[in-house]
Amino acid sequence: MTREKMRIVMLGCGGFIGSHLLDRLLAENECEIHGWDLADYKIKEHLAHPKFHMHRSTISSPAALQEIEQEIEKSDIVINLAAICNPAEYNTRPLDVIHSNLFDIYPLIELCAKHKRWLMSFSTSEVYGRTVASYLPNNNYEDPNLFELRENETPLIMGPISNQRWTYACAKQMTERLIYAHHMESQLPFTVIRPLNFFGPKMDYIPGRDGEGVPRVLACFMTALLDNKPMYLVDGGEARRTIVSIHDAIDALLLMLKKPHQAQNQVFNIGNRENEVTMAELADLMRQTYARITGDMNYKEHPILTISSQDFYGKGYEDCDRRMPDLSQAQTLLGWTPKIPLTDALFETMDFYHQNYA
Ligand SMILES: NC(=O)c1ccc[n+]([C@@H]2O[C@H](COP(=O)([O-])OP(=O)(O)OC[C@H]3O[C@@H](n4cnc5c(N)ncnc54)[C@H](O)[C@@H]3O)[C@@H](O)[C@H]2O)c1
């Protein structure tokens, strides 16, 4: 923290990352937090905390913006987590996705620039799009230069506009560029975070229990296990992801708050290189883990089927092939290295779902 008691504006505080950040900030730090979100069911235990003030509203109405500006003036930092960020919606609600990740955020960037307040904005590793390797014959993954994601070097490559899956990535990229432009033209202090698959309790909803639609992959597989239905691998489950425990990720965010001079005016990948799996491997690991959690060894053979992305997500879907982050920025500037193995992160997350939803 820069001063004894940091004042924080947190937008989208009621979501997955916001809930974990609040847990740690309120438990470990002297701070005063004003949060905005439409939902608060993941942060119920903090609503009565004297250092936390919940504004149950959208961030995009003129009235809310006025209220947010008043708070920004008194605060040290604005942490922006608010977004529609569910892959199943990128091609099915493209206008809402673009609005949420670009137009709703733009006034907040302007407010931070006007008051010269540190804006910590959550972007996504999807801004990298597909890797160079994926466009080459035989998908050459031998050479890290062709697939490793480096914040300040890697080109950001997206598919055609008819593949509406890129609406999210493109809106996030434009938001990053606007933040950077304000930094260059009016010295806006900023930090852009590109998360690479944070996993942990409270991550998503379970369709039919506390939400509807198609959630992110972990909750899709989890729902299949809970409901005794097949797990579906989209396009064979060959896409690869690196998964980082939410607790390691929150450690990185807290280090940024503690070390503003190292964190400001930087873009950070936050992920875990050691925890890389294909979606097929993830499905298998999850059924093995669920067998351990429930003590029912039948789950080890839980059915896994494959489905086309067109059938699963609808028209206009296309996947990122691989996301292997270069983490040297976070290591060098913050002294951060993720520690939690995938097996532990999965066990904790799935145990939470089992206890709360089974
Ligand atoms: N979790 C990840 O692994 C991951 C990966 C890549 C990017 N991100 C980014 O990190 C941020 C937070 O992600 P998350 O996983 O916590 O998502 P989340 O969906 O759990 O949380 C987002 C929160 O924003 C709120 N919100 C959306 N629009 C709003 C509005 N107009 N007004 C007020 N609140 C609004 C939602 O109600 C929700 O509680 C997002 O910007 C997301 O794009 C997360």
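Reader: Where in the chain is the place of aspartate 235?

Author: Aspartate 235 sits in the loop between strand 9 and strand 10 (240-242). A word before we go on: this is a predicted model.

Reader: Which phi does asparagine 228 have, and where does asparagine 228 lie?

Author: Asparagine 228 has a positive phi of about 55° although it is not a glycine. You will find asparagine 228 in the loop between helix 8 (217-226) and strand 9 (231-234).

Reader: Is asparagine 228 buried or exposed, and how do you know?

Author: The relative accessible area of asparagine 228 is 59%. Exposed means over 50%, so asparagine 228 is exposed.

Reader: Let us turn to the ligand. How many residues surround the ligand, and which are the closest?

Author: There are 23 residues around the ligand, and the closest are Phe16, Ile17, Asp37, Tyr168 and Lys172. By class, the shell holds 12 nonpolar, eight polar and three charged residues. Helix 1 (16-28) and helix 7 (167-186) each contribute at least two residues to that shell.

Reader: What share of the ligand's area does the protein bury?

Author: The protein buries 87% of the 820 Å² that the ligand exposes when taken alone.

Reader: On to the strands. Why is strand 1 (residues 6-11) described as largely enclosed by the rest of the structure?

Author: Because five of the six residues of strand 1 are buried.

Reader: How do you know that strand 1 and strand 2 (residues 31-36) pair?

Author: Two strands pair if there are at least two bridges between them. Strand 1 and strand 2 have six bridges, so they pair, and they do so in the parallel sense. Within this pairing, isoleucine 8 has isoleucine 33 in strand 2 as its bridge partner, and valine 9 stands opposite histidine 34 in strand 2. The chain goes from strand 1 through helix 1 to strand 2, and this β-α-β crossover is right-handed.

Reader: How many bridges join strand 1 to strand 4 (residues 77-80)?

Author: Four bridges link these parallel strands. Valine 9 has valine 78 as its bridge partner in strand 4.

Reader: What makes strand 2 mostly covered?

Author: Six of its six residues are buried. Cys31, Ile33 and Gly35 point one way from strand 2, Glu32, His34 and Trp36 point the other way, and all are buried. Strand 2 is also joined to strand 3 (residues 52-55) by four bridges, and these two run parallel. There, phenylalanine 52 in strand 3 is the bridge partner of isoleucine 33.

Reader: Why is arginine 323 called buried?

Author: Buried means under 20%, and arginine 323 has a relative accessible area of 4%, so the term applies. Arginine 323 is in the loop between helix 12 (309-313) and strand 15 (324-325). Its side chain makes a polar contact of 3.3 Å with the side chain of asparagine 197.

Reader: And why do glutamine 329 and glutamine 331 get their labels?

Author: Glutamine 329 has a relative accessible area of 15%, which is under 20%, so glutamine 329 is buried. Glutamine 331 has 37%, between 20% and 50%, so glutamine 331 is partly exposed. The place of glutamine 329 is in helix 13, and glutamine 331 is in helix 13 (residues 328-334) too.

Note on methods:
Residues are numbered from 1 along each chain as its sequence is written. This is a predicted model: local features need pLDDT of at least 70, side-chain atom pairs count only at pLDDT 80 or more; totals for chains, interfaces and linings use all residues. Side-chain values use heavy atoms; hydrogens and water are left out. A residue is near a molecule or strand if one of its heavy atoms lies within 4 Å of it. Accessible areas come from the Shrake-Rupley method with a 1.4 Å probe; for residues, only the protein chains shown count as cover. Ala, Val, Leu, Ile, Met, Phe, Trp, Tyr, Cys and Pro count as nonpolar, Asp, Glu, Lys and Arg as charged, and the others, Gly among them, as polar. Buried means under 20% relative accessible area, exposed over 50%, partly exposed in between (1.4 Å probe, protein chains only). A crossover is right-handed if, with the strands pointing away from the viewer, the path from the first strand over the helix to the second runs clockwise. A polar contact is a pair of N or O atoms within 3.5 Å; within protein, one must be able to donate a hydrogen and the other to accept it, and residues adjacent in sequence count only if both atoms are side-chain atoms.
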